[in-house]
Amino acid sequence: METETATHWLTEAEQCAWRTHLEVNRLLTYQLEKDLQPFGLTINDYEILVNLSESEDLRMRMSDLATATLQSKSRLSHQITRMENAGLVRREHCESDRRGLYGVLTEQGLETMKKVAPHHVESVRKHFIDMMDPEALQQLRATLTPIAERLRAERGRP
């Protein structure tokens, strides 16, 4: 015999907070993406460039890059192909694993990062950081950190 448990519906305050979070997330992503368009980049392109630019030797295994950017391997492969065609990245075979591939930031990709990063940071400041005082930013970080940690742990990624 199955036992039904009652749905623990969101309170009005909880629902308002949740929906505000969703709206801010969508609007902010839309705005950041719009601000990257003049450079011919999407937010996903930029995230890949950031990950590669911050990696040792400007390279990452494709599987690690997929995990870091929350993309399927297939989706990332299509993204990398488009970015390869633009000269921003290239694929290299992994010497220790014949089936493995690296995504590598090219010189053009690095120059693009150097050119775009100041504009992106200004956009993040304008549309997010500067909208809050330092105490609110600290509280936001304190609130979101345990959520991020739990979600990473559920994915098996500390």
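This is a predicted model: local features need pLDDT of at least 70, side-chain atom pairs count only at pLDDT 80 or more; totals for chains, interfaces and linings use all residues.
Residues are numbered from 1 along each chain as its sequence is written, and side-chain values use heavy atoms, with hydrogens and water left out.

**Entry: H2 and H4**

I read helix H4 as residues 73-85, and its axis and that of H2 come within 11 Å and cross at roughly 85°. The axes are lines fitted to C-alpha atoms, for helices over the stretch in contact, and the angles run from 0 to 180 degrees between N-to-C directions. Helices are DSSP runs of H or I with at least four residues, strands are runs of E with at least two, and both are numbered from the N terminus.

I then listed the contact, meaning heavy atoms within 4.5 Å. From H2 it takes Asn44, Asp45, Ile48 and Leu49, and from H4 it takes Arg75, Leu76, Gln79, Ile80, Arg82 and Met83. By class I get 5 nonpolar, 2 polar and 3 charged residues for H2 with H4. Nonpolar covers Ala, Val, Leu, Ile, Met, Phe, Trp, Tyr, Cys and Pro; charged covers Asp, Glu, Lys and Arg; the others, Gly among them, are polar.

**Entry: H2 and H5**

I took H2 as residues 43-53 and H5 as residues 107-127; their axes come within 10 Å and cross at roughly 115°. That makes H2 roughly perpendicular to H5. The crossing of H2 past H5 is left-handed, the term for a near helix turned anticlockwise from the far one by less than a right angle, clockwise being right-handed.

On the H2 side I found Ile43, Tyr46, Leu49, Val50 and Ser53, which meet Gly109, Thr112, Met113, Val116, Ala117 and His120 of H5. The contact of H2 with H5 has 7 nonpolar and 4 polar residues, and no charged ones. Leu49 is listed in the contact with H4 and in the contact with H5.

I checked the loop between H2 and strand S1 (59-61), where Asp57 sits. Asp57 has a positive phi of about 60° although it is not a glycine. With a relative accessibility of 57%, Asp57 counts as exposed; the cut-offs are under 20% relative accessible area for buried, over 50% for exposed and partly exposed in between (1.4 Å probe, protein chains only).

Leu58 is in the loop between H2 and S1 as well. Its phi is also positive, near 55°, in a residue other than glycine. Leu58 counts as partly exposed at 26% relative accessibility.

**Entry: Thr20**

I located Thr20 in helix H1 (residues 12-36). Thr20 is partly exposed, with a relative accessible area of 39%. From Thr20 to Leu10 I noted 10 residues in sequence and 14 Å in space, C-alpha to C-alpha.

**Entry: whole chain**

I counted 6 helices and 3 strands in the protein chain, in the order α-α-β-α-α-β-β-α-α from the N terminus on. The radius of gyration is 19 Å, well over the 15 Å that the globule rule gives for 158 residues, so the chain is more spread out than a compact globule. That radius is taken over C-alpha atoms, and the rule is 2.2 Å times the number of residues to the power 0.38. Along the principal axes, the C-alpha atoms fill a box of roughly 55 × 50 × 25 Å. Of the 158 residues, 25% count as buried.

Note on methods. Angles under 35 degrees count as roughly parallel, over 145 as roughly antiparallel, 65 to 115 as roughly perpendicular and the rest as oblique.
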